[in-house]
Amino acid sequence: MRAFIAVMVLSPHAASADTITPDRIAAALSKLEALAKGVVADGGVPGLAIGVVHDDKVVFLKGFGHREAGKPEAVDADTVFQIASLSKPVSATIVAALVSDEIVSWDTKIADLDPAFRLSEPYPTSELTVRDLFSHRSGLPGTAGDDLEDIGYDRAEILRRLRFVSPSSSFRAGYSYSNFGLTEGAVAAAKPTGKPWEEVAEEKLYRPLGMASTSSRHADFIKHANRAALHVKVDGVWAAKVKRDPDAQSPAGGVSSTARDLSQWVRLMLGNGVYAGETLIKADALDQTHVPLMARGKNPVSGGESFYGLGWNVEFGRHGLSWGHAGAFSVGARTLVTLFPEEKLGIVIVANAFSTGVPEGLSDSFADLVFDGAVEKDWVKAWDDTYASLFGPAVAAAKATYAAPPSPARPAGPASAYAGRYFNDFIGDAVVSSAGDALVLKVGPAGARSYSLKHFDGDLFLTFPDAETPDAPSGVSFVIGPDGKAAAVTVEFLDGNHLGTLTRVGD
């Protein structure tokens with residue numbers, strides 16, 4: 001810990017809480033509002049909302065832009081947004097409340113809370129704790145289970161099937177950000193209450209803080225008339241194309257909330273568990289969430305040293321110590337919280353579009369204004385460029401790989417060579433059938449997801465599985481056996497953890 005303190009002390013921009021006066025905050029907020037208006041006017045996002053807390057007061061709360069592009073309804077402080085992975089620190093707060101009430105400990109073993117849960121190996125399964133899952137050090141690969149959610153499996157079935165996923169690192173040796181790992185940690189922590197996670201979240205956090213528009217259930221989100229749609233760029237224009245039901249990973253990504261409600265949560269965090277003069281969560285339970293456990297490297301834009309605690313990023317950057325977390329749905333959400341605990345200052349930003357660096361850009365600009373009196377650089381552009389470099393090349397690479405078949409392309413076999421049922425323990429059943437002149441692949445529970453297959457070359461076909469990138473192809477390849485029929489199929493978009501190959505089962 002001594003090394004971390006040194007980073008904080010040596011930070012050239014670090015300001016003491018005494019220098020951050022109300023006047024300085026007010027001046028920064030005026031400029032933040034202008035920046036937010038400007039970024040919406042320039043098409044950075046269709047809409048966003050911001051809450052700022054300082055010294056236990058909500059000093060700024062405002063919406064900008066529109067709930068849905070092309071429609072007149074405005075975003076305000078009570079517009080409900082899907083907050084994506086900003087759910088993780090919210091859920092860590094809920095578990096801290098359970099720890100505070102001595103219902104569970106951060107070091108309680110999952111095997112004692114949820115004996116049916118398994119990792120792929122016996123030793124980590126027996127030793128795995130709530131702390132391990134909330135710090136992403138279980139060894140589970142980061143995307144484990146996301147693919148099963150995409151094809152329609154529910155939470156219980158996804159968590160059961162994680163036992164088939166090989167680890168990406170030794171237990172507690174590597175950091176791998178896992179939605180369903182953290183989901184299991186939360187669900188297991190709630191088991192001693194005998195209540196579902198969603199109900200525990202209401203009882204332990206949302207109701208005590210008066211967060212009346214906040215829920216961990218998608219059904220509650222869609223009941224709100226004042227809710228933000230998800231947006232992606234289509235031909236350079238924001239469009240509300242896709243809806244997202246994240247209930248399967250609710251603790252990790254399924255919370256919906258407003259800038260007003262989240263500002264109350266920020267008050268609780270900056271008050272170290274005290275809200276409106278009452279201790280709701282004991283400090284020692286909450287403090288554990290901000291201990292830097294796993295190294296994440298440097299912040300890709302601002303360069304600070306970043307670590308992961310329990311559902312929180314812990315960063316030592318140009319303005320000293322901060323706690324934070326971002327959220328994103330690739331189908332159209334971006335969110336962020338940044339807290340400066342020494343200064344009792346926090347900002348939460350919720351936006352209705354992906355990909356964009358607007359939340360980080362506004363947060364970094366606001367921090368510069370508060371700590372230095374001026375914005376160091378165009379942080380929105382810097383973060384936009386970073387997001388573009390993260391996601392653009394992957395789509396471009398997929399398009400390049402399948403840009404054109406070889407000339408001449410090898411012909412496909414007859415449809416009967418590929419049609420049939422395939423299986424593995426992780427994906428379950430995959431059924432290939434002919435539909436007219438085309439092949440169709442069905443996967444998921446009871447064939448919940450259907451994908452048309454377009455011939456590319458030989459026994460390789462293409463499909464377009466991602467609604468948010470409808471022009472990004474993915475391969476589906478067959479291995480033909482000695483009887484002239486496919487013995488196996490590999491589904492590329494389900495093969496991220498090398499579990500996308502299924503074997504033919506009968507005819």
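The model is predicted, with local features needing pLDDT of at least 70 and side-chain atom pairs counting only at pLDDT 80 or more, while totals for chains, interfaces and linings use all residues. Residues are numbered from 1 along each chain as its sequence is written, and side-chain values use heavy atoms, with hydrogens and water left out.

Helix H10 spans residues 197–206, and seven of its ten residues are buried (under 20% relative accessible area with a 1.4 Å probe, protein chains only). Helices here are DSSP runs of H or I with at least four residues, strands are E runs of at least two, and both are numbered from the N terminus. The buried set is Trp197, Glu198, Val200, Ala201, Glu202, Leu205 and Tyr206. Their cover includes helices H3 (87–100), H8 (155–161), H9 (179–190), H11 (218–223), H12 (250–253) and H13 (259–270).

H11 turns up again in the second largest pocket, where it supplies three residues, the largest share of the lining. By class, that lining has eight nonpolar, two polar and eight charged residues; Ala, Val, Leu, Ile, Met, Phe, Trp, Tyr, Cys and Pro count as nonpolar, Asp, Glu, Lys and Arg as charged, and the others, Gly among them, as polar.

As for Ile83, this residue sits in the loop between strand E3 (81–82) and H3. Ile83 is buried, at a relative accessible area of 0%. Beyond neighbours within four places in sequence, Ile83 is in contact (heavy atoms within 4.5 Å) with Val90, Val255, Ser257, Leu262, Gly327, Thr335 and Val350. The C-alpha atoms of Ile83 and Val39, 44 residues apart along the chain, are 20 Å from each other.

Technical notes
Buried < 20%, exposed > 50% of the residue type's maximum accessible area, 1.4 Å probe, protein only.
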